[in-house]
Amino acid sequence: MPRDQIRVTRALLSVSDKTGLTAFAAALNQRGVALVSTGGTHRALTEAGLPVTEVAELTRFPEMMDGRVKTLHPAVHGGLLAVRDNPEHQAALAAHGIGAIDLLVVNLYPFEETLKAGKAYDDCVENIDVGGPAMIRAAAKNHADVAVVVDVADYDAILAELADHSGNLTAATRRRLAQKAFSRTASYDAAIANWLAEVEGGSEAPTFKALGGTLAQSLRYGENPHQTASFYRLPGTLRPGIATARQVQGKELSYNNLNDTDAAYECVAEFDPARTAAVAIIKHANPCGVAQAPSLLEAYERALACDPTSAFGGIVALNRPLDAEAAKKIVEIFTEVIIAPDASEEAMAIVGAKKNLRLLLAGGLADPRAKGETIRTVAGGFLVQGRDALSVDDMDLKVVTKRQPSEAELADMRFAYRVAKHVKSNAIVYARGGATVGIGAGQMSRVDSSITAARKAAEAAQRLGLSESLAKGSAVASDAFFPFADGLLAAAEAGATAVIQPGGSMRDNEVIRAADEAGLAMVFTGVRHFRH
């Protein structure tokens, strides 16, 4: 076990992020701590008038190869790794003239930032730190005698503890810093490994899978108050969404808010903003209304009409910058979160009148066709799969019934299938005129989802004072094949005239025959969209 307290008499500083560096180093100097540093850090401290020894004086070896080699030397690593109460280690330090290092301050070359900026391959390679992680790991391993700082946010706490303990750092602090240091190098290496995998086109199943992230937000609790939770950003995040979003206003986001908002924004991203405005309303990670229209206001009104009861307290995602007209309508009912690529000043002012309503501006819209991965934990491990990046626009739709669908039916089929991709399985989506009119999600049988969606469409019509269900004349999408004809017949009974589904059931012929007998037009996509 580490000694309770160690005295800090010598510190090595080597940082790429020089935020707060000179103030921190000056405070150490005032406490009588000897300073050692490298390259650009040494220049910054010298220019600030601080007494500092360059690492090259310790190693008696100059930096070389554009700074690639400077700290990989026994004079540095011996000072970090020597166990203070080990006589042999102390004798080795004395024999080789190596001074012990009590405090290491390192933040790594900005590889993640370089990657995020979309720099060239060679630039990314040059921003892979080697000496930094080696020193961090050495100091963290020897945390019984050395404190390691990898985050500028810890500077003030270190100085406060030194002041409170007469120049000493406690064992608890050193352990905390060591854990953070190993997490930092693990996250850093994960970013590099995953980037190289992407460069090489990915692997079906790499032998080792690295995960890493940076804390974006500590959350009050998880799905339920008794569960802890936090939100981490992946290194080099490029996909617009909750990880890139700026929260303009509103109370703190919860675990459920973040999960649902992600589902909403991924759904609305299916609709090209250059072609149409689109709005998705999400509740418990499932769409309860999605619509496209010439304007965001009209798209929102049509999406809301699908299921206004479920929309209460939901998430609203838009594929275009939020404008004042849409904002005025959205704030009329209780909404948890609005997320959009951007917003006008007038729209932000309108939303601002609702102090608890969160407004997130993602800065862009995700590409639904972009490759990526989804990860889910299971007991003792995790599952990794490629993102469902297939679009119905790219599918070869095969008409399998005697009746050919009309152009209007084909348009509604594509719309419904685009939405079904984001509905929990078993998923059934009724759509008409570019808007959902009934959604059945997450039922244990497909026929139950069909009945639920039909009921939703009938209820929506009643609210609007209509004599016929909104499903009348609609197209229905199923995320997977109909194993029996009953689910399709339920859709026909509800008033649907066209069906889009993957096909592939052993009973496809039976289902096709039922569709023909009901006068339906049906197409197969050959692509399933399960979402569990």
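Reader: Which residues does Ile 339 touch, not counting residues up to four places away in sequence?

Author: This is a predicted model. In it, Ile 339 touches Ile 242, Thr 261, Tyr 265, Val 316, Ala 317, Leu 318, Leu 360 and Ala 362, with residues up to four places away in sequence left out.

Reader: How many residues are in the largest nonpolar core, and which touch the most other members?

Author: A nonpolar core is a set of buried residues joined through side-chain atoms. The largest one here has 46 residues. Val 290, Ile 339, Leu 397, Met 413, Val 419, Val 429 and Ile 500 touch the most other members.

Reader: Which helix gives the most to this core?

Author: Helix H16 does, spanning residues 407-420. Seven of its residues belong to the core. Another core lies apart from the largest one. That other core has 31 residues, including Ala 311, Ala 340, Ile 350 and Ala 435.

Reader: Now cysteines. How many disulfides does the structure hold?

Author: A disulfide is a covalent bond between the sulfur atoms of two cysteines. This structure holds zero disulfides.

Reader: Next, helices. At what angle do H8 and H10 pack?

Author: Helix H8 covers residues 131-141 and helix H10 covers residues 171-199. They pack at about 150 degrees, with their axes 9 Å apart. Angles over 145 degrees count as roughly antiparallel. H8 is therefore roughly antiparallel to H10.

Reader: Is their crossing left-handed or right-handed, and which residues meet?

Author: The crossing of H8 and H10 is left-handed. From H8 come Pro 133, Ile 136, Arg 137, Ala 140 and Lys 141. They meet Ala 178, Ala 181, Phe 182 and Thr 185 in H10.

Reader: Last, a strand residue. Where is Val 149?

Author: Val 149 is in strand E6, residues 147-149. At 1% relative accessibility, Val 149 counts as buried. Beyond its neighbours within four places in sequence, Val 149 is in contact with Leu 103, Leu 104, Val 105, Val 106, Asp 154, Tyr 155, Ile 158 and Leu 177.

Technical notes. Residues are numbered from 1 along each chain as its sequence is written. This is a predicted model: local features need pLDDT of at least 70, side-chain atom pairs count only at pLDDT 80 or more; totals for chains, interfaces and linings use all residues. Side-chain values use heavy atoms; hydrogens and water are left out. A disulfide is a pair of cysteine sulfur atoms within 2.5 Å. A nonpolar core is a set of buried Ala, Val, Leu, Ile, Met, Phe, Trp, Tyr and Cys residues joined through side-chain atoms within 4.5 Å. Buried means under 20% relative accessible area, exposed over 50%, partly exposed in between (1.4 Å probe, protein chains only). Helices (H or I, at least four residues) and strands (E, at least two) are DSSP runs, numbered from the N terminus. Contact means heavy atoms within 4.5 Å. Axes are lines fitted to C-alpha atoms, for helices over the stretch in contact, and angles run from 0 to 180 degrees between N-to-C directions. Angles under 35 degrees count as roughly parallel, over 145 as roughly antiparallel, 65 to 115 as roughly perpendicular and the rest as oblique. A crossing is left-handed if the near helix is turned anticlockwise from the far one by less than a right angle, and right-handed if clockwise.
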